[in-house]
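Work through the exercises below with the structure open. Try each task before reading its solution.

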Amino acid sequence: MRSGKTERLAADADGIARAAALLLDGRRVAFPTETVYGLGADARNATAVAGIFEAKGRPSFNPLIVHVASLTQAQEIAEIGGDAARLAEAFWPGPLTLVLPRKAGSGIAGIATAGLETVALRVPEMELAQDLLTAFGGPVAAPSANPSGRVSATTADHVIDGLEGRIAAVLDGGPCPVGLESTIVGFVDGKAVLLRPGGVPVEAIEACLGYALTTPATDPDAPTSPGQLLSHYAPNARLRLGAVAAEPGEFMIGFGCVPGDVTLSASGDLTEAAARLFELLRMLDDDHITAAAVAPIPQTGLGLAINDRLRRAAAPRD
Ligand code: TXA
Ligand code: MG
């Protein structure tokens, strides 16, 4: 996606106001946090979030970290109790991300959490990030601001190097003080587990909780990205891929010139399709739908990630 020249915004009131306005307008804006630069979009706007994956050239939809200005805002989005509340109080704002049960009606777009029931939340500490989140007034989904497969960006120059022309703007706050991504903690039966080591030392978390953190067991052959540790959302209905027409009894999801009961994008637009994907998959849990089919999606651009996700949703399961 080429969106013209990427604006470099100064770390002042005008720059913050411009960055917030661009986010409200559904555009992508990179911004500094104490850990690394994030590639931000309005987490409530599915199309805006789809543009993050497009800009990064990600071949699959990883769930993203949702950034908010305060614990109070975080509580509007997720259930924060027990050990999660203790960690939030001890380490927010700061380089800690908590994976928490998402509240119904949180307003977070399905694509931001890759359809999971959980949401990764973080309250960053850097003043400029705080100012931007406060000016914007809502949740900002942001992975690290680097193209897929490259190292995280810790200066505005790194961001421009990797994403020039692919995002609307970068808010230049100088180098990130921590320079390493946030520590990610999830919860299993209410007990904290370490999903990714990062800016907050594990020892500090253990001292706060009074017990040692474990790492969830994984298949040694499986990829170790935190997003892949959790089984992805799979719809109840059986799903047939690459269908040009529905068979009897099938609920049809169209794309482009292939019509359906619903469509990922009537105009064949892959960004629109990505934005709708997770809400449509969720529809397949409706009791009345036992079998569904989806039209072929081109294997280019965001189509790679859409097809990857559809294959997982269609995979046989026990
Ligand atoms: O410091 C950071 O964490 C930076 C700044 C920008 O906040 N962000 C960052 O985002 O590193 P990203 O997308 O590069 O890494 C986020 C990780 C991914 O590996 C993703 O799979 C995991 O968080 N994640 C997000 N939501 C999750 C969820 N609901 N369950 C498990 N893992 C999740
Ligand atoms: Mg990253």
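A contact means heavy atoms within 4.5 Å. The model is predicted, so local features need pLDDT of at least 70 and side-chain atom pairs pLDDT 80 or more, while totals for chains, interfaces and linings use all residues. Residues are numbered from 1 along each chain as its sequence is written.

**Exercise 1.** Among contacts between residues at least 6 apart in sequence, find what percentage join residues at least 24 apart.

Solution. Take the contacts in the chain between residues at least 6 apart; 67% of them join residues at least 24 apart.

**Exercise 2.** Compare the radius of gyration with that of a compact globule.

Solution. The radius is taken over C-alpha atoms, and the globule rule is 2.2 Å times the number of residues to the power 0.38. For 318 residues the rule gives a value near 20 Å. The chain has 20 Å, which agrees.

**Exercise 3.** Describe the open sheet and its edges.

Solution. Strands (E, at least two residues) and helices (H or I, at least four) are DSSP runs, numbered from the N terminus. Two strands pair if DSSP finds at least two bridges between them. The 10 strands follow the order E1-E8-E2-E3-E7-E4-E6-E5-E9-E10, with mixed pairing. At the edges lie E1 (7-9) and E10 (191-196), each pairing on one side only.

**Exercise 4.** In which sense do E5 and E6 pair, and over how many bridges?

Solution. E5 (residues 96-101) and E6 (residues 118-122) are antiparallel, over 5 bridges. In one of the bridges, Pro 101 has Thr 118 in E6 as its partner.

Note on methods. Chains are lettered from A and ligands numbered from 1 in the order in which they are written. Side-chain values use heavy atoms; hydrogens and water are left out.
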